[in-house]
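Please view the sequence and structure below before reading on.

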Amino acid sequence: MSQQQTAERKDMGNKGPDSAGEPSTSMCFGRREFLKGAAGVAGIGLLGMGGLAGLSGCASQQSDAKSGPVSYTPGTYQAQAEGKHGTIEMSVTFSKDRIDSIEVTSHSETEDISYIPLNVLPQVIIDTQSIDVDTVSGATLSSQAVIAGVTDAIKQAGANPNQLNHFDPQSIAQSMAPGTYTGEAYGKWKKGSIEGERFGCPATIEPTQVKVTVDETSIVSIEVASCSDTPGFFEPATERIPKDVVEQQSVFVDTVTGSTLTAAAITAATAKALAEAGASLAGFAKATNHEPKEESYEADLCIVGGGTAGSTAALKAVEEGLRVVVVEKTARISGEGSCATGALAVGSKLDAQVGNHVTVEEVFSNMMDYCYWKSDASLVYNVLDHSGEMIDWLQAHWDECGHKGFSAPKETSGTSIAHDYGKGTEKFQLLWDNYIIPGGATLLLNTKAEELIVENGTVRGISATKQDGTTVRISSPAVLVCTGGFGGNKSMQNEILGSSDFYLNGVATNTGDGISMCREVGAVLSTEVSPHLAEFCSNDVLDFYAGYMKFLNQTGFLMVDSAGARYMNETFCITHALARGASAMRRVGSSYIIFTQNDFDKLLNSGVHDILGEDIITEYKMRERILVPSYYTLQDEMDAALEHNQAWKADTLEELGELAGFDPSTYERTLADYQAVISSGEDTLFGKRPELLHRLDEGPFYAVRVISPIDGTFNGIKVNDHLQAIGEENKPSPAGLFVAGQDSGGYFSYPYTDYVGATCGYALTSGMMSIEYIKDYLGK
């Protein structure tokens with residue numbers, strides 16, 4: 001797709017005096033291989049040739065970069081510091097009076113977000129001979145780790161870090177070759193990814209491409225020429241980042257929350273283009289300056305979160321005549337609802353059109369029996385009873401806008417009765433553009449709610465902060481919180497779920513902000529707060545979801561825990577993916593899938609077809625995207641997994657266990673039991689059918705470490721059937737606080753329901769119906 005978005009430089013002036021020194025043109029880095037992703041060695045990433053080791057000798061020869069009184073013991077020193085996803089290791093070389101090179105030798109950071117801190121920031125330190133440098137917005141922890149590692153190396157070399165230069169990017173003289181230069185970097189989707197097409201992206205993912213025009217001393221314009229990232233997500237970044245970089249003359253500008261990966265790709269590609277032009281990137285490495293400001297608003301209702309529930313709540317609120325302010329911390333609306341394809345609902349006009357006579361009472365009974373009545377029956381019934389109304393109400397708006405909206409349920413019985421409406425943000429954007437904003441709602445994007453204002457047990461509003469540092473106070477007698485759960489907050493997962501051993505396939509900006517705010521004022525958690533598990537397998541070091549490795553648990557191969565013990569009938573990952581397969585995987589944390597070279601070759605050549613056979617594929621009604629002719633990226637994925645100790649290969653099963661670190665006695669017992677099961681053809685312990693007892697007779701053998709992927713979390717603050725937050729003694733508290741969507745608890749229980757579209761249906765319906773009760777509370 002083509003994004004012809006150009007930012008033009010206006011009256012910026014030159015960014016420094018003419019330089020007699022030679023510009024830094026040797027920043028050179030080779031392209032990272034497919035799926036090195038979150039764990040590749042820094043510097044295989046982007047600018048030119050030669051890897052990050054190319055920083056050695058790449059120090060800018062600026063005449064004004066001086067080290068002052070600092071004296072080092074010459075040599076190369078090893079240092080490390082903790083980044084966002086693990087340890088960042090680096091090698092720093094000193095001569096007597098300067099830092100000569102910084103090489104990041106190993107890391108587990110996310111490539112897209114970490115390119116600037118891991119590749120550019122070391123060069124900035126070398127060019128300026130300073131560690132008093134700005135961190136990178138959107139990659140603060142990676143930046144801090146690089147600075148901390150270099151600081152430690154400086155101390156090892158016998159110098160005092162406090163004596164280094166003060167960082168002043170304005171002092172860096174540029175001497176670029178005027179012209180237009182092209183840079184490329186992958187954003188949300190990596191090279192070779194097969195997932196993007198499901199979300200409206202091109203079938204073949206290409207890197208984000210920018211064209212950067214420069215004169216001798218400054219950036220004149222930036223055009224985003226193409227972007228393969230997800231429609232509805234990438235636009236805020238392609239619109240804002242080029243403009244900000246030109247205006248601020250910096251690639252260290254604020255990221256775009258909710259579009260972080262695209263923003264990182266644009267700045268990375270811009271940095272490459274600037275290096276091609278002969279720039280010293282140290283002169284373009286100043287963080288955005290934030291001047292303190294204040295804003296205040298008054299409303300009948302403040303909605304915290306502009307996602308799925310927040311959108312329907314805002315629409316209903318303006319139609320009911322309420323003055324509404326919506327606070328959304330990202331740069332876009334619709335949240336994770338744009339990733340969903342349909343919503344569970346009962347009794348809509350579309351149901352009637354296709355002869356679907358499933359009743360609220362029937363679905364209610366099935367859902368409650370499925371969860372053994374652990375859910376709040378009153379809330380479940382009330383939501384289902386409003387769900388058909390929600391479909392008809394939204395469909396009327398989309399009809400008026402010429403949008404297809406919902407389609408009728410594909411089935412008229414069972415659990416697949418969802419109303420599909422396709423992925424993407426367009427359907428939500430139409431509601432905001434045609435109804436919500438014209439209806440008088442105030443939408444504050446890039447604004448993070450931070451505290452509920454409560455006086456004498458009653459909500460009085462919220463306080464928030466914009467990305468530019470502006471403090472915001474919204475006075476309102478009612479607040480609706482719907483920030484989407486905490487799938488993006490590992491510390492919160494550890495606290496509430498007891499583990500953070502998950503790969504997030506959902507929206508990373510859902511970090512539990514609303515839940516935390518509610519708890520701080522006395523609202524309590526429901527008893528069934530849970531991860532929203534996905535049906536495949538993944539990994540927290542490498543991005544298995546980008547390719548075919550995620551389908552390994554759809555094969556029936558032997559699966560063991562970290563001790564080497566078998567723990568379930570592996571077929572459940574196919575037949576009951578969420579209720580049994582994913583739930584069992586969650587219990588053990590890390591799982592290890594064991595198979596042979598022959599099995600692996602079959603996957604490469606024919607996917608699961610030869611592994612399972614067509615009869616089983618048909619019987620289990622396996623999903624189409626699993627059933628491709630070959631898993632053609634799997635070899636690259638396996639190579640990356642082997643390189644980063646997320647997979648192991650050995651000639652014998654015994655050696656495989658040693659490499660993977662299994663407990664010897666446990667693993668030996670597992671192998672003996674499993675081989676006996678294969679020989680007898682009867683799995684007396686777990687009941688696995690004989691056709692799926694894959695033989696382990698001939699090596700080489702593989703073991704691949706996987707963890708559970710999640711779309712986010714479900715359940716949160718306990719609410720009653722009117723969506724009022726519940727405090728101690730099971731009473732609404734504080735007064736005026738309502739919670740909808742995945743921040744609210746009671747509708748679901750663990751494991752997740754087998755009704756398709758339940759999460760999206762709940763978010764849409766709870767957002768809409770909350771306004772009915774908020775109006776009652778306000779006496780309107």
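Lys-780 is exposed, as its relative accessible area is 52% (buried means under 20%, exposed over 50%, partly exposed in between, with a 1.4 Å probe and protein chains only). The model is predicted, so local features need pLDDT of at least 70 and side-chain atom pairs count only at pLDDT 80 or more, while totals for chains, interfaces and linings use all residues. Residues are numbered from 1 along each chain as its sequence is written, and side-chain values use heavy atoms, leaving out hydrogens and water.

Asp-300 and Lys-780

- The side chains of Lys-780 and Asp-300 form a salt bridge at 3.8 Å, N to O (a side-chain nitrogen of Lys or Arg within 4 Å of a carboxyl oxygen of Asp or Glu).
- Asp-300 sits in the loop between β8 (294–298) and β9 (301–304) and Lys-780 in the segment after α20, so the pair ties together parts 480 residues apart in sequence.
- Asp-300 is buried, with a relative accessible area of 9%.

Lys-550 and Glu-195

- A salt bridge of 3.3 Å, N to O, joins the side chains of Lys-550 and Glu-195.
- These two residues are 355 residues apart.
- Lys-550 counts as buried at 0% relative accessibility, and Glu-195 is buried at 2%.
- Glu-195, Arg-198, Lys-550 and Arg-625 are linked in a network of salt bridges.

Arg-689 and Glu-619

- The side chains of Arg-689 and Glu-619 meet in a salt bridge of 3.1 Å, N to O.
- Arg-689 is partly exposed at 22% relative accessibility, and Glu-619 is partly exposed at 48%.

Conventions
Helices (H or I, at least four residues) and strands (E, at least two) are DSSP runs, numbered from the N terminus.
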